[in-house]
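Colleague: Before I rely on the labels attached to this model, I should like to hear the reasoning behind them. Could you take me through it step by step?

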Amino acid sequence: MEIDALIFDFDGTLAELNIDFGAMYAEVQALARQMGLTGDWPEGLLLEVIAQLAGELDHGFERRAHRLLRQREVAAARRGALFGFTRELLDRARSLGLATAIISRNCGQAIRVVFPQVDEACDLFLPREAVARPKPHPGHVLAALAGLGAEPGRAAVVGDHPIDVTGARAAGCLAVGVASGRMSAADLNAAGADIVLPDAAGLLGALGLDGG
């Protein structure tokens, strides 16, 4: 498979942010109850549940819920750091003529705290607020492909979570899992990743892209 574009997840793939998702869920659930939710908590990922409840609860719920998410994400970003290989990987990919994008379900504000140069380090940066529906919806990956002028069959999506694998495969891209986040290599293989690596440091070599 000829690859000329790389689309990276951020948290767990290029950086360590250590977001407390349990506390984040609890805060949003408490807000929903406060604003009138009386039934069971809906099944699904948090961003998608917030969007679903926005149509059922008071008009300000979605705005307030996203404010809670941003606060948690920015706080985690202040304690986070890029992985040691990240800058070199992005620079090397561009030097080889590969188009690069970073896409994330995190907010751009948090990512820019830990990586202020993110917009210059890749060809396209699409945090969650830049798209109508974030991954695993294929629209997030497809928006990155469109922005890069890349074809799905010539692009690899690199991420640490089954969400990334699902989004990649739904968009028709090669799915590369990296076990550098919260999920194991077994989790990523079970999700259907085409390739699983310990982390993204050896990505270019694994894809046969690094000319030395």
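Modeller: The discussion below concerns a predicted model and sets its computed values against the definitions in use.

Colleague: Why is C107 called buried?

Modeller: Buried means under 20% relative accessible area. C107 has 3% relative accessibility, and therefore counts as buried. The same cut-off applies to C122, which counts as buried because its relative accessibility is 2%.

Colleague: How do you know that the structure holds 0 disulfides?

Modeller: A disulfide requires two cysteine sulfur atoms within 2.5 Å. For C107, the closest cysteine sulfur is that of C122, at 16 Å, which is too far for a bond. For C122, the closest cysteine sulfur is in C173, at 16 Å, again too far for a bond. The count for the structure is 0 disulfides.

Colleague: How do you know that the span of helix 1 agrees with its number of residues?

Modeller: Helix 1 covers residues 21-34, which is 14 residues. The expected span takes 1.5 Å times one less than the number of residues, so helix 1 should span 20 Å; its end C-alpha atoms are 20 Å apart, which agrees. At its start, a side-chain oxygen of D20 comes to within 3.3 Å of the backbone nitrogen of G22. Just after helix 1, G36 adopts a positive phi of about 115°.

Colleague: Which residues of helix 1 are buried, and what do they pack against?

Modeller: The buried residues of helix 1 are A23, M24, V28, L31 and A32. They pack against helix 2 (46-54) and helix 3.

Colleague: What makes up the largest nonpolar core?

Modeller: The largest nonpolar core has 55 residues, of which L6, F8, F10, F61, I102 and F115 touch the most other members. Helix 3 (residues 61-79) gives the most to this core, with 6 residues. Leaving aside residues up to four places away in sequence, F115 touches F10, L82, R87, L90, I102 and A121. A second, separate core of 22 residues includes L148, V157, A168 and L188. In soluble globular proteins, nonpolar side chains tend to be buried together.

Methods:
Residues numbered from 1 in each chain as written. Predicted model: local features only at pLDDT ≥ 70, side-chain atom pairs only at ≥ 80, totals over all residues. Heavy atoms only, no water. Buried < 20%, exposed > 50% of the residue type's maximum accessible area, 1.4 Å probe, protein only. Core = buried A, V, L, I, M, F, W, Y, C linked by side-chain atoms within 4.5 Å. Helix = DSSP H or I, 4+ residues; strand = E, 2+ residues; numbered from the N terminus. Contact = heavy atoms within 4.5 Å. Polar contact = N/O pair within 3.5 Å; in protein donor to acceptor, adjacent residues only side chain to side chain.
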